[in-house]
Amino acid sequence: MTISTLRVTRLQLALACILCSLALCPITALAQDDHKPAADKAAQDKPADKANLPPLPPPAHAAQQITLDGKALKYTVTVGTIPVRDKDGKTAGDVVTTAYTVEGENRPVTFALNGGPGAASVYLNFGALGPKHMNAGNEGDSPSDPVTLTDNQGTWLDFTDLVFIDPIGTGFSRANVPEDQQKKLFFSTRADIEYLSRVIYDWLVLNNRLASRKYLVGESYGGFRGPRITHYLQSQLGVALNGVVLVSPYLNPGQDDNEDLSPLPWMMTLPSITAAHLEREKKLTPEAMAEVIAYTRGEYATTLLKGRADEAGQQRMVQRVTEMTGLDPQFVKYSGGRIETGAYLREAHREEGKLGSVYDSNVTSFDPFPFAPEQRANDPILASIIAPLTTAMVDFVTRTVGWKVDARYNALSYEVGRMWDRDNDMRRGSVPDLREAVAADPKLRVLIVHGWNDLSCPFMGSVLTVDEMPVMGDPARVAVREFPGGHMFYTRDSSRVELRKDVMEMFGKH
């Protein structure tokens, strides 16, 4: 999940998926039991302006079970903290983790992160792979719908333990230092990668799991984090992952550059716009999308490159794009066959007085400002999903698990987005780290998964990125898979169950 802005432009879409920054001093995380006694340690380490914050509670555990494929699956859920320290050894922040573990030997463990930056891990937890699922984020869902958790038939828990990590500033995780230090220690790309990698390392040490098979799943900006954390763990902390699952990642921000000259920005979005139209027409199939991708990589790309040197080609392109997208012919004509995302999200459902979501343009809400020159309302999915997810997670943690915390929960923190330090490192993306990590470990497997309809981190970006990578051993070691749905395609039951099958297959290769 990524932070949406009110005006959706191509640059802002890139920033919504991935924000980067300067490399600053490293910090480390220590094990949960290192902060005892909590009150004394908090008073010693926290600066004066944070002294009034009550300490976060000690870990809490709860025994639970679900019915999966007709069988009972018993597990333990643990909510606790891992302190993060600065270079002088003082507590700089507390990272909250939610772990689901099943009794048994030699079980793998999977760490899960969402994105933003500023998103907690509740989206992957209750949306995709945790043992409990909440319906939210689909067309017709309301933020005031009853909050109900059901047994998740798409969970990964029967074949791997799960550890959900909330980065500093998200969920209940928090910094214990002033704002200027937070930016240096947490809210920059390199610092973010280093402290989160150390959190993973410390959780493994604390729980005697260094010998377990280890996996990482990251969504959106978490998908950007994925290759960098994998490479950092592998090369700096001495922890090798067996596999990585990147959910709707924005791996290569440079693909959006030079939209006045390069065909790449338009090649990335046209297939997702077409997929949404095909879905509305009940014609969305892998075969139909294969034809769309072939046209996008072939005639569409070359026609864009030729420009006015091929007037007949331009006219054919406008007609073809009109047929593919179902948009008004005049709209496509005056767009030059280049469908700008923000304009499309207003145009696709204008007759109904609605807006499409950048995360899935077939999920809509009424446009409260239909005559404004630009979109002024919040994204439809974000507007509907934050309240139920927050309510569900706070109730689960405080009542079901019994972790009695006195703090606000941030499912999506705009404050983190505001403080995030940005610089040219953003443009480098995560592809260099992805290539190096795969090259260094011939057994590492990477599964990149997208929803067809996603326009915030479109699947075509990953397809183009992976196809430009050298083949290092088995070509299937780095694979891209698409599903019906959008950025959070896993909110659809069928897509979530299919994702589970693909991930099980990847795990089974070890």
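This is a predicted model: local features need pLDDT of at least 70, side-chain atom pairs count only at pLDDT 80 or more; totals for chains, interfaces and linings use all residues.
Visitor: Where is Asp328 placed among the secondary-structure elements?

Guide: Asp328 lies in the loop that connects helix 9 (311-325) with helix 10 (329-334). The chain as a whole has 17 helices and 15 strands.

Visitor: Which residues form the negative surface patch?

Guide: A patch takes residues with over 30% relative accessible area and no salt bridge, with like charges joined within 9 Å. In this structure, Glu139, Asp328, Glu351 and Glu352 form a negative surface patch.

Visitor: Is Ser272 buried or exposed?

Guide: Buried means under 20% relative accessible area. Ser272 has 0% relative accessibility and therefore counts as buried. Its place is in helix 7, residues 264-280.

Visitor: Which residues does Ser272 touch, leaving aside those up to four places away in sequence?

Guide: With those neighbours set aside, Ser272 is in contact with Trp452, Asn453, Asp454, Leu455, Pro458 and Phe459.

Visitor: How are contacts and burial to be read for the whole chain?

Guide: Of the contacts between residues at least 6 apart in sequence, 75% join residues at least 24 apart. The chain has 510 residues, of which 60% count as buried.

Technical notes: Residues are numbered from 1 along each chain as its sequence is written. Side-chain values use heavy atoms; hydrogens and water are left out. Patches are made of residues with over 30% relative accessible area and no salt bridge: like charges are joined within 9 Å, nonpolar side chains (Val, Leu, Ile, Met, Phe, Trp, Tyr) within 5 Å. Accessible areas come from the Shrake-Rupley method with a 1.4 Å probe; for residues, only the protein chains shown count as cover. A salt bridge is a side-chain nitrogen of Lys or Arg within 4 Å of a carboxyl oxygen of Asp or Glu. Lys and Arg count as positive and Asp and Glu as negative; His and the chain ends are not counted. The place of a charge is taken as NZ of Lys, CZ of Arg, CG of Asp or CD of Glu. Helices (H or I, at least four residues) and strands (E, at least two) are DSSP runs, numbered from the N terminus. Buried means under 20% relative accessible area, exposed over 50%, partly exposed in between (1.4 Å probe, protein chains only). Contact means heavy atoms within 4.5 Å.
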